[in-house]
Amino acid sequence: MDYRYCKRCNKLYVFGNMQLCNNCLQEIDKSVSVIRKYLEENPGSNICVLSQNTGVPEKDILYLLREGRLVFSDLQITLYCERCGKPISEGKYCGECKRDLENLLSKTSQSMLEGKMKKEEKSKGDLIKGINMNVLERREKD
Ligand SMILES: [Zn+2]
Ligand SMILES: [Zn+2]
C-alpha cells in the first residue's frame, strides 16, 4: 500500500488517487457546498468576505481554486496579493504585504551589511517563497 502525508493536515493516509486524506476530503467537500451556497446568495464576494462569512479558512478557498473545484469567475476577483492571496484592486501586493516586504527588504540588506548573512538567509528565502506564491500560477505538482 502507498502511504502519503496529507497535503492539508500532514497526517499519514493510504494514498488512492486523491491528494488529501479522507477526513480533509470530507471537510473540503463540506466547504465547497457552503461556499457555493453562499455565493449563490452573495455573488461577487471576495475571498476575505467569503472566508469570514462561511468560516472556511482562506487557505482552503485558495486550495479549492487551485484544484479547480471553485472557479475565479464564481468569486469575481480580478487581482490577488501575490504574498497572502488577499483580493486587491491594483498592483501585486496588498497594502499590508507591501509594507511587510519593504520592512523585510530593508532589514535584510541592513543585516547583510552587518555581516549576518547566515542568519538572514532563511528569512530571505521565506521572502522569496512568499513573493512566488502567486495563487493564480501555483499548481500542485505530481
Ligand atoms: Zn488531511
Ligand atoms: Zn497581502
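Visitor: In what order do the elements of the protein run from the N terminus on?

Guide: The order is β-β-α-α-α-α-β-β-α-α, with 6 helices and 4 strands in the protein, where helices are DSSP runs of H or I of at least four residues and strands are runs of E of at least two, numbered from the N terminus. This is a predicted model, in which local features need pLDDT of at least 70 and side-chain atom pairs count only at pLDDT 80 or more, while totals for chains, interfaces and linings use all residues. Residues are numbered from 1 along each chain as its sequence is written, whereas chains are lettered from A, and ligands numbered from 1, in the order in which they are written.

Visitor: Why is helix 1 called roughly perpendicular to helix 3?

Guide: The axes of helix 1 (residues 22-41) and helix 3 (residues 58-67), which are lines fitted to C-alpha atoms over the stretch in contact, with angles from 0 to 180 degrees between N-to-C directions, come within 11 Å and cross at roughly 90 degrees. Angles under 35 degrees count as roughly parallel, over 145 as roughly antiparallel, 65 to 115 as roughly perpendicular and the rest as oblique, and therefore helix 1 is roughly perpendicular to helix 3.

Visitor: Which residues make this contact between helix 1 and helix 3?

Guide: Helix 1 brings I28, S31, V32 and I35, and helix 3 brings D60, I61 and L64, where two residues are in contact if their C-beta atoms, placed from the backbone, lie within 7 Å.

Visitor: What makes helix 1 roughly perpendicular to helix 2 as well?

Guide: Helix 1 and helix 2 pack at an angle of about 115 degrees, with their axes 10 Å apart, and this angle makes helix 1 roughly perpendicular to helix 2. The residues in this contact are V34, I35 and Y38 of helix 1 together with L50, N53 and T54 of helix 2.

Visitor: Why does C24 count as buried?

Guide: A residue is buried if 20 or more other C-beta atoms lie within 10 Å of its own, exposed if 12 or fewer, and partly exposed in between; C24 has 21 C-beta neighbours inside 10 Å, and so counts as buried. C24 lies in helix 1, and, leaving aside its neighbours within four places in sequence, C24 is in contact with C6, R8 and C9.

Visitor: What makes N10 exposed, and what is its phi?

Guide: N10 has 9 other C-beta atoms within 10 Å, and therefore is exposed. Phi of N10 is near 65 degrees, a positive value in a residue other than glycine, and N10 is found in the loop between strand 1 (3-5) and strand 2 (12-14). Most residues other than glycine have a negative phi.

Visitor: Which residues form the largest nonpolar core?

Guide: A nonpolar core is a set of buried Ala, Val, Leu, Ile, Met, Phe, Trp, Tyr and Cys residues joined through C-beta atoms within 7 Å, and the largest one here has 7 residues, namely I35, I47, L50, V56, I61, L65 and L70. Helix 2 (47-54) and helix 3 each supply at least two residues of this core. A second, separate core of 5 residues includes Y80, C81, Y93 and C94.

Visitor: Which residues of helix 3 are buried?

Guide: The buried residues of helix 3 are I61, Y63 and L65, and over the whole protein, buried residues make up 18% of the 142 residues.
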